[in-house]
Amino acid sequence: MEDQGAPLGPYRATKLWNEVTTSFRVGMPLRKHRQHLKKYSNCFTAEEAVDWLYDLLRNNSNFGPEVTRQQTVQLLRKFLKNHVIEDIKGRWGSEDLDDNNQLFRFPATSPLKTLPQRHTEIRRTSKEYFSKDKDSIFKLRNLARKTPKKHGLRFSQENTENINHEKIINEHKENSADKREISQEDVEEVWRYIIMTYLQSILGVPSIEDLINPDEVIPQYIMYNMSNTSKHGVVVLQDKSEDLPHWVLSAMKCLANWPRSNETNNPTYVGFERDVFRTIADYFLDLPEPLLTFKYYELFVNIMGLLQPHLERVAINALQLCCLLLPPPNRRKLQLLMRMISRMSQNVDMPKLHEEMGTRSLVIHTFSRCVLCCAEEVDLDELLASRLISFLMDHHQEILQVPTYLQIAVEQHLDYIRKGHFKNPGDEQVVPLPTYSYCKQISTQEFDKQKVSTSQAAIEELLENIIRSKNLPPKEKRKKLKQFQKEYPLIYQKRFPTTESEAALLDAKPTIKQPMLNLRNPKLHRLRY
């Protein structure tokens, strides 16, 4: 399961659930156990299940190393509730499971969740929406055959910015008298069309309408989020009643700038920072819906399929576009929350906020469901949300900045429409799509080989840095080299094939130990008298 993941598309969370439960059922070791003077075969303890599933989740790119042991226990409880497992007496349906020696087994059949059929209705509705105006040139129904479906995609902004405007103008000088007026409705439709086109290309899905209804893409939100920002890129709200309350903002600034900030000028006390953190958490936990909203849940869950090392840039680009779809108050709250928890997790001076968890684990565990969750309970919600919020924390500056290439693409499309670049009314697609460049897709074996070679190159560079360092005393340098030789003997031998080559680089002669003198005492013979 480590190198595979549920394919992108509708109901990806359900597909991931089926994948995890199947992997657990197939891979979990079974053996005999004794309990209360009885022997039970083909079973496992809760502790063994936690160990195995914990390792599986941490090594899966859909969940990642941020998964905690407690989250694994919670997932096993959901397995018991959904009859993926049962106790040794055949009982299930509750969540009575702890990290202990209680015995469990697999039932005769492990039910997989069925995929709903709701997405077919969404596609039909969205197609009807785009068919209302037969003279519109912003139709999306044929994007599937015009956009690539591969995930090895790297967006090239230069391609969008380097379109030859002079060629366009020269080719259509004769038609300059036929320029059409652009209405506000035209502008809004172009924004919707452009962002959905980009998202479909980046995600590589056959139809973006499987993940999001075009009616749910509000152009006014996108335009506002693009144009109303502070110098730090944070959305500025015109209606202050939609903003965070002043006391929440003050509390967030306090923790984000701890210990330098004391905006309230109130004396602190032991546990003050914990109370401030709890105040912020209570506010976000009481919000009526998550910051990424319920309607975009499927879209963000699909982007999580791109949270892999070789697709990191693609995931950042996709999240950057999706976060533009949010209502401006949600985007502003998300920006401020990510800035705060990112600074907190990196602040070495931050006091301990929890007895058992570190700051990073605590903020992820606390705010994950405030950022992403489904309107209907999904068993993998907490794990998926934790994975996403971890990625957002690490890349929030790039993800939540305004993409300038999007504005350029919209202006170019509007220019096409203004100059009348379409053959007949009702043409489906005449305005050029944004240009992309693609990475060459490679096999899993080749990727692993490249990963190893890249790691080896980094280790070799580390060795060279130790050798060239002028700040290390000779004694310390020898100590580090000896440690390096112990950890990476092959790389060290490649760099120093002989003792003489090592000595020459260290400006020292090889030490040759002289044979020890024979200091054994001669035999003493007793004198006879």
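Glu86 is buried, with a relative accessible area of 9%. The model is a predicted one. Glu86 forms a salt bridge with Arg105, and the closest N and O atoms are 2.8 Å apart. Glu86 lies in strand S3 and Arg105 in strand S4, so the pair ties together parts that are 19 residues apart in sequence. Arg105 is partly exposed, at 28% relative accessible area.

Asp87 is buried too, with 7% relative accessibility. Its side chain meets that of Arg91 in a salt bridge, 2.7 Å from N to O. Arg91 counts as exposed, at 52%.

Four strands make an open sheet with antiparallel pairing. Their order is S1-S2-S4-S3. Strands S1 (31-35) and S3 (86-87) are the edges, each pairing on one side only.

Four bridges join S1 to strand S2 (residues 38-45) in the antiparallel sense. Gln35 stands opposite Lys38 in S2. Helix H2 (residues 46-58) lies across S1, S2 and strand S4 (103-105). The helix runs at about 20° to S2.

Arg31 sits in strand S1. The residue is partly exposed, with a relative accessible area of 46%. Its side chain makes a polar contact with the side chain of Glu48, at 2.6 Å.

Beyond its neighbours within four places in sequence, Arg31 is in contact with Tyr40, Ser41, Asn42, Cys43 and Glu48. Thr45 is 14 residues from Arg31 in sequence, and the two C-alpha atoms are 9.7 Å apart.

## Salt bridges across the chain

The whole structure holds 15 salt bridges. One of them pairs Asp99 with Arg69, with 2.6 Å between the closest N and O atoms. This pair links distant parts of the chain, 30 residues apart. Asp99 is in the loop between S3 and S4, while Arg69 is in helix H3 (residues 69-81).

Both partners are partly exposed: Asp99 has 34% relative accessibility, and Arg69 has a relative accessible area of 27%. The Asp87–Arg91 pair is also a salt bridge.

## Asn330 in helix H13

Asn330 belongs to helix H13 (residues 328-346). Its relative accessible area is 13%, so Asn330 counts as buried.

Technical notes:
Residues are numbered from 1 along each chain as its sequence is written. This is a predicted model: local features need pLDDT of at least 70, side-chain atom pairs count only at pLDDT 80 or more; totals for chains, interfaces and linings use all residues. Side-chain values use heavy atoms; hydrogens and water are left out. Two strands pair if DSSP finds at least two bridges between them. Helices (H or I, at least four residues) and strands (E, at least two) are DSSP runs, numbered from the N terminus. Contact means heavy atoms within 4.5 Å. Axes are lines fitted to C-alpha atoms, for helices over the stretch in contact, and angles run from 0 to 180 degrees between N-to-C directions. Buried means under 20% relative accessible area, exposed over 50%, partly exposed in between (1.4 Å probe, protein chains only). A polar contact is a pair of N or O atoms within 3.5 Å; within protein, one must be able to donate a hydrogen and the other to accept it, and residues adjacent in sequence count only if both atoms are side-chain atoms. A salt bridge is a side-chain nitrogen of Lys or Arg within 4 Å of a carboxyl oxygen of Asp or Glu.
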